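Please read them with the model open.

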Amino acid sequence: MATQEEVFKNLVSHCKEYGFVFPSSEIYDGLGAVYDYGQNGVELKNNIKQYWWASMTKLHENIVGIDAAIFMHPTTWKASGHVDAFNDPLIDNRDSKKRYRADVLIEDQIAKYDEKIQKEVEKAHKRFGESFDEQMFRQTNPRVIEHQQKRDALHERYSKAMNANDLDELKQIILDEQIVCPISGTRNWTDVRQFNLMFSTEMGSTSDGAMKIYLRPETAQGIFVNFLNVQKTGRMKIPFGIAQIGKAFRNEIVARQFVFRMREFEQMEMQFFVRPGDEMRWFDFWKQFRLKWHKALGLGDEKYRFHDHEKLAHYANAATDIEFLMPFGFKEVEGIHSRTDFDLSQHAKYSGKKIEYFDPELNKSYTPYVIETSIGVDRMFLSVMCSAYKEEQLEGGDSRVVLSLPPVLAPVKACVMPLVRKDGLPEKAREVMDLLRFDFNIQYDEKDSIGKRYRRQDAIGTPFCITIDHDTLDDNCVTVRYRDTMKQDRIAISELHELVRSQCDMTNLLRKLI
Ligand code: ATP
């Protein structure tokens, strides 16, 4: 049995081998934490985006979309707090010359205590069997109590240091906990420094006096600065939302785990503007709606959990993450934040413009509060791929790699295959293609044996393979082979469109959300 780590490594190779994800500018040895999506990756990614966009703009009469520019006036980032506060604490190990996030090193240490406790619990569970009382064990076992106390003390000290932005204390924690560099194994650490994650560049020629501008680190600000434009031109009434999909850029200190943490990535964000005082109700509404959106894909309900934030960003009064069980643990895929009126008020202050909403029902003006849902397309892509990727042993000693993608998201919905390249079968196959290609992404394949063609389609997650044989010319029936079960059915050509539609049409998925 391959370990989770090995499976993940195989998945990364698979993504490259089958045209899902390539390292950026690979012929020059790539660029750290930047990736390109290939011919199949882009289709899957587009389907994810389409599902999200439709679920926001089609299912909610009071949500509209925009597409703001990546470049924004630099004062935007002063107002939003990113120039002063969008930092990560970094630390270097002098021996390995490797750079780490100090907060991540400490959080990993906390997780180690949790693992130790979990191991004790599992050991005892095995020993005591059915009669095991976990709660009692956790409260009374001396080793567990000791680990728990150490863990809690560390957690408290760490939270305090983070909230106070106390960099010396973060370093002291790393020293006191005897945390070593995973590469060099030493404790030869530098001081902890703040590192701003925004990329900057210059706009205009230098002789004119160029202006320093930033590549947006989140798409949200493009929505806030357009609040009045959209509200007025769309005659939007509160509560209403603005949705956007677009690129964001962060100069991440440690880029790991493939497309999970990239320096250029894509976000799908929706800012929902509400009356002050109504925000908690809407926060709960969006938490539930977003979880439903994830679960409707059928990747496994047990793979999701909420993680409420203890340390809130300066602008938030409630925040939670939707985490997904990746091969490397539960990880954030989406954030849901109650951002108060922080952003709109800040932009009003820095621009000198009044950014308010006149509420006809209350007969007064106010600065709306905001609930935001923010999901990374690439992390969503990764969670879909991780749950779909399977290495299967088949009867007769054979094996296959199959992507059990939700059919609505699959890059290719069906592959049409003439059994042989003669006797009029290719022509018949082209007729079948024409029945389907206007509504679905369909491939045509006439090379190699049918078995090999099936494997190629399994590897990219195609739900249906449609084979045209000599009988087809007489009975107008084809053999449909299903990806997951590998079962085969004889089906009339006239029924094919409905078969593919029933599984691959986005409408069925969207209906689950209302
Ligand atoms: P993390 O704690 O993992 O750095 P974050 O809390 O900073 O993430 P947010 O600012 O809440 O992330 O961004 C919203 C979403 O954008 C995240 O849930 C994630 O899906 C995505 N995202 C953020 N940073 C990256 C990145 N470097 N690469 C890919 N996706 C990202």
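1. P239 sits in the loop that runs between helix 10 (227-233) and strand 9 (240-249). The model is a predicted one. The peptide bond between I238 and P239 is cis, with omega at about 5 degrees. For background, most peptide bonds are trans.

2. R235 also belongs to the loop between helix 10 and strand 9. Its phi is positive, near 45 degrees, and R235 is a residue other than glycine. In general, most residues other than glycine have a negative phi. Is R235 buried or exposed? R235 counts as exposed because its relative accessibility is 71%, and the cut-off for exposed is over 50%.

3. K97 is not a glycine, yet it has a positive phi of about 65 degrees. Where is K97 found? K97 is in the loop between strand 4 (87-92) and strand 5 (99-101). With a relative accessible area of 67%, K97 is exposed.

4. M203 is part of strand 7, which covers residues 200-203. The relative accessible area of M203 is 38%, so M203 is partly exposed; this class lies between the 20% and 50% cut-offs.

5. Which residues does M203 contact, leaving aside its neighbours within four places in sequence? They are F71, A210, M211 and I213. In sequence, F71 and M203 are 132 residues apart. In space, their C-alpha atoms are 9.5 Å apart.

How values were computed. Residues are numbered from 1 along each chain as its sequence is written. This is a predicted model: local features need pLDDT of at least 70, side-chain atom pairs count only at pLDDT 80 or more; totals for chains, interfaces and linings use all residues. Side-chain values use heavy atoms; hydrogens and water are left out. Helices (H or I, at least four residues) and strands (E, at least two) are DSSP runs, numbered from the N terminus. Buried means under 20% relative accessible area, exposed over 50%, partly exposed in between (1.4 Å probe, protein chains only). Contact means heavy atoms within 4.5 Å.
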